[in-house]
Amino acid sequence: MDSVRDEESLCAINDAINPAADETSHQVASVPEKDQLAISAGMSTLLSACGGGGGSSVAENPAPIAPPPGSAITDREAARFLHQAALAATDADIARVITLGYSAWLDEQFSLPHTQSHYDWMISRGYQGNPNNANNFQGVDNTLWRKLMSSPDILRQRVVLALSEIFVVSMVGLPVSWRGFCVAAYVDLLEENAFGTYRSLLNAITLSTGMGNYLNMRGSQKEDPRTGREPDENYAREVLQLFSLGLYQLNIDGTVKTDAPGTPLETYTQNMITGLAKVFTGWDYTQFNRDDPAFQRLPMSLNASRHSSSDKSFLDITISGGTPGEQALQTALDTIAGHPNVGPFIGRQLIQRLVTSNPSPAYVGRVAAVFNNNGQGVRGDLKAVIKAVLLDGEARTDPAAQPAGWGKLREPVLRFVQWARTFGVTSPTDVWNIGDTSDPSRRLGQSPLRSPSVFNFFRPGYVPPNTSLGAQGLAAPEFQITNESSVVAYANYMQTAIQNGVGEVKGTYGVWLAQANDTPTLVSRIALLMSAGQLSTSTLSTISTAVAGIPANSDASRLNRIYAAILLVMAAPEYIVQK
Amino acid sequence: MSINQITRREFMRRSASLGIAGVAAPWALNLATLGEAAAVTVNGDYRALVCVFLYGGNDHGNTLVPYDSASYADYARIRQTLATPRDTLDATALSPVSALPDATRQMALAPQLAPLKPLFDTGKMAVLLNVGALIQPTTLAQYRAGNVPLPPKLFSHNDQQSFWQSSLPEGATSGWGGRIGDLFLSSNSTSTFTCINVSGNAVFMSGQSAVQYQISTSGSLALLGIGSPLYGSPACSAALNSLITANNSVNLMEAEHTRVMRRALDANSQLGSLPSLTTPFDASNSLATQLQMVAQLIAARSLLGAHRQVFFVSLGGFDTHDYLVAQHPGLLASVANAINSFYAATQELGVANAVTTFTASDFGRTLTSNGDGSDHGWGSHHFVIGGAVQGQRYFGTLPAVAVDGPDDVGQGRLLPTTSVDQLAATLATWMGVSPSELPLVASNIGNFTVKNIGLLAA
């Protein structure tokens, strides 16, 4: 199922397949109406940006919600914003947001320089010097944790993590030479393009060796009538299903277009996959060298003799067989990137990764309108899209005014990284030896760039079964990796990590010692930074009363107070759901 | 939740699903329906289904390989470099109790499936031919004309995984394993242990009421911070317990997280340490370690008061667009090794006749080669293993080995001749589901004349 399924489409699909669909599908049909009601009053002027248009509407004012003149952003509001836009909220970050305001803070983050790339760091640490590393992933987890936990460009790092969960490449399934450098170079490419245009990002991903290897475009050859060999269809299928259009034609607000009987309209057919697969033939490594990983950071290049010379039909175009391969590829990517689905399809997923699992159609429509036109005639300007996501009234409205299904489960990796940044972890020898945290019974059940498949750790449309969420047709993607083992393993892992760190990566708690004597203050400070003050009074009281029972007569015991306060905050469901 | 509440909800659900009546159903009908529910009640015996899901779409072409010389020649010509050498198939060529309709055809298991050959030969394993997602029986002409309903989003991984498991594309909230579980919740002392998943969350295991319980390969997990004083503080342990189990959240996601945590803690306290087995399992084979946990849970069935259970295990890596020849044999070896150990474990436990294991996957793959692998297909061959299986037999129809043949929707993608709903209904019937309730399990079964394909002895 595509990621942008909304409640109506679920109902429509149920009905289409099974006319006697059970009561669930009928209940959910009422939800969009509720979402409409939930849209904050301040947004009423912006609804004109959405509706049934096919991408031709000019962006309205994307509704940046500047604080009203004279009213400062509060610490809680700043922390909440940072939890959506960044990886943590430190005192310094909160102060910076309050000083600059949301929009200017984003501008400042957009302009921050890149820090040392993953690829360069692995070279600087000498991972290319050991020939065995051609056949393993040594160094990749290290550098991924390094930047997630310590790189100062916190907006970029958060967006890169989000992009890595949409344009998925995974260490589970890259049996190639210098595979670790292949992954590192891929994430570098996401960084380089995170604040560019969607079209540039799509180009870079398509020609990357990371994606080329992961979805098998590298080495795919033209059809051969003599042997019956056919081009590999993997990238052609997934670029359409997952990276651009999704399965069904969308309105600009992300709702699914249907025909008169209510059947969803599909975006492409199997024949179009076969046609597009021919475009992606003939591409392979540039300058492969088994002794030097450098080829993994070069875009793939075309071997024209392996490129299909057939006509290539897909979507609404046919590329004639004689078209040179590079040109055919650019025409194909222009066609995909220009499709009206891309704005709502990608925009909705970015909202889900940063802000909330169930954005209202109006919110999706406003973001998609900015995707379609940033106000200066540019399509797919990711900076403008990120701003639209984070400054939208629905993102900035007090969560207390949102419906009961609003927000998103913080994914385990985000919780762990948030702890690390909030409590100033360091890696004394810069080795960041945390490793693979995928083990669901002993670690986090999730690890960056280690998704089990191109469908990510969780699907944008995942509906947890047998839940009141499901009964209301609400998606909760992160619940796909939430189960009886993972919830316990997370708490166990954090209990040890908070106290002892992981590997040589340990928290720094010295600055907290002075506050350990005053447990209500200690707990409320931690709750501010970790949950943007979203813990209830009774939860705060439960925690501070329990923590106060630990004596405070030595630094060692004061540290126990700090550990316990952090763990109890991080175990509370009010923290686990970001609102 | 009280028994009466469960019964009432179950009645409402069945009424809706069977299209009997609205909420204003007369009391007499209510009683009649509950009487039918009683027919599903079991009498102290035990039966379990184990779904072995092969994520990515197993390449059936190299799993069950044409062996007679004419078919093999077609296979080798179409598969090119993907073809398994014929001389490596001699030891695994299958001799069923009754010949295939075309007596000249013979099939062989992939060489790496050799551990399963004795199970076939001794009548403990059957081969299910060309099974796949269908809404109704479909001919090639109908497929091409597009004049019958087809499963949506054929050839798409996530949707076909979902359709196999639930008869709906992604977004479905119940699957047929869970829906079988729904009907037996009241047969088990602890409903939590009806649908147990040793892999990641899968829609297959969720019913309308049945909730999948996930357990790790090392068993249920204890929460350290509650088991011993948290950072030395019993008060903090108590606070932790209170925070993660308190039922006071307004936010639906918080409330759901709490429900999962409560189930985890409750189940862990009930399960304790599970019995161990003497049957060896390969600790380096993730499918084997999952099946070992299933065997240990079955060993504890009496302690848990379980009479009907559904289990789910899985192995990934089957999306062999590339490296088919390099990687697929190893995957099959893992499957064979794990299933072989598991069958032996059910013998050790004396439940071989009460446990039926079956393989499943997103879809089959193309018979043609893309140079280094195969692409997404549709119908596929699968295995059913257990003491109750009518073994050493083929079920279903053996497809032609051909591109553009009578079963081919393109590049050797098989149009299924047996539907997943027929498999589901057959397995559900063996578990004790009555004919009238089969549509609750397999929503499309009404479209098929044959509702029990005879895989299992009654």
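At what angle do H9(A) and H10(A) pack, and how far apart are their axes? The legends below take up that pair and several other views of a predicted model.

**Figure 1. Helices H9(A) and H10(A) pack against each other.** Their axes are 9 Å apart, and the packing angle is about 120 degrees. The two helices are therefore oblique to each other, since angles of 65 to 115 degrees count as roughly perpendicular and those over 145 as roughly antiparallel. H9(A) crosses H10(A) in a right-handed sense. From H9(A), the meeting residues are A:Arg156, A:Val160, A:Leu163 and A:Ser164. They face A:Val187, A:Leu190 and A:Glu191 of H10(A). Sorted by class, this contact holds four nonpolar, one polar and two charged residues.

**Figure 2. Helices H17(A) and H18(A) cross at roughly 165 degrees.** H17(A) spans residues 361-372, and H18(A) spans residues 382-391. Their axes come within 9 Å. Angles over 145 degrees count as roughly antiparallel, so H17(A) and H18(A) are roughly antiparallel to each other. The crossing is right-handed. H17(A) brings A:Arg366, A:Val367, A:Val370 and A:Phe371 to the contact. H18(A) brings A:Ala384, A:Val385, A:Ala388 and A:Val389. Seven residues of this contact are nonpolar, none is polar and one is charged.

**Figure 3. Chain A is divided into two domains, which touch.** Domain 1 covers residues 7-401, and domain 2 covers residues 408-578. The contact draws 42 residues from domain 1 of chain A and 36 residues from domain 2 of chain A. Several helices each supply at least two residues of the domain 1 side, among them H1 (7-17), H4 (75-85), H9 (154-164) and H16 (342-354) of chain A. H8(A) gives the most to that side, with eight residues. By class, the domain 1 side has 22 nonpolar, twelve polar and eight charged residues.

**Figure 4. A:Ala532 lies in a loop of chain A.** This loop runs between helix H24 (519-531) and helix H25 (537-548). Is A:Ala532 buried or exposed? A:Ala532 has 25 other C-beta atoms within 10 Å. A residue counts as buried at 20 or more, so A:Ala532 is buried. Leaving aside neighbours within four places in sequence, A:Ala532 is in contact with A:Arg76, A:Ala79, A:Arg80 and A:His83. A:Trp512 is 20 residues away from A:Ala532 along the chain. The C-alpha atoms of these two residues are separated by 18 Å.

**Figure 5. Chain A as a whole contains 27 helices and six strands.** Chain A has 579 residues, and 60% of them count as buried. Consider the contacts in chain A between residues at least 6 apart in sequence. Of these, 72% join residues at least 24 apart.

**Figure 6. Chain B meets chain A.** The contact takes 73 residues from chain B and 80 residues from chain A. On the chain B side, the elements that give two or more residues include helix H1 (3-18), helix H6 (157-166), strand E6 (213-214) and helix H9 (234-245) of chain B. Which element of chain B supplies the largest share? H10(B) does, with twelve residues. The chain B side divides into 32 nonpolar, 32 polar and nine charged residues.

**Figure 7. B:Leu271 sits in helix H10 of chain B.** B:Leu271 has 20 other C-beta atoms within 10 Å. A count of 20 or more makes a residue buried, so B:Leu271 is buried. Not counting residues up to four places away in sequence, B:Leu271 touches B:Gly219 and B:Ser220. B:Ala239 is 32 residues from B:Leu271 in sequence. From C-alpha to C-alpha, B:Leu271 and B:Ala239 are 24 Å apart in space.

**Figure 8. Chain B is also assigned two domains.** Domain 1 of chain B is made of residues 49-59, 109-219 and 274-447. Domain 2 of chain B takes in residues 221-258. How many Å separate the centres of domain 1 of chain B and domain 2 of chain B? Taken over C-alpha atoms, the centres are 37 Å apart.

Note on methods
Residues numbered from 1 in each chain as written. Chains lettered and ligands numbered in written order. Predicted model: local features only at pLDDT ≥ 70, side-chain atom pairs only at ≥ 80, totals over all residues. Domains from an automatic or database assignment. Contact = placed C-beta atoms within 7 Å. Helix = DSSP H or I, 4+ residues; strand = E, 2+ residues; numbered from the N terminus. Nonpolar A, V, L, I, M, F, W, Y, C, P; charged D, E, K, R; others polar. Axes fitted to C-alpha atoms, helices over the stretch in contact; angles between N-to-C directions. Parallel < 35°, antiparallel > 145°, perpendicular 65-115°, else oblique. Left-handed = near helix turned anticlockwise from the far one by under 90°. Buried ≥ 20, exposed ≤ 12 C-beta atoms within 10 Å, placed from the backbone.
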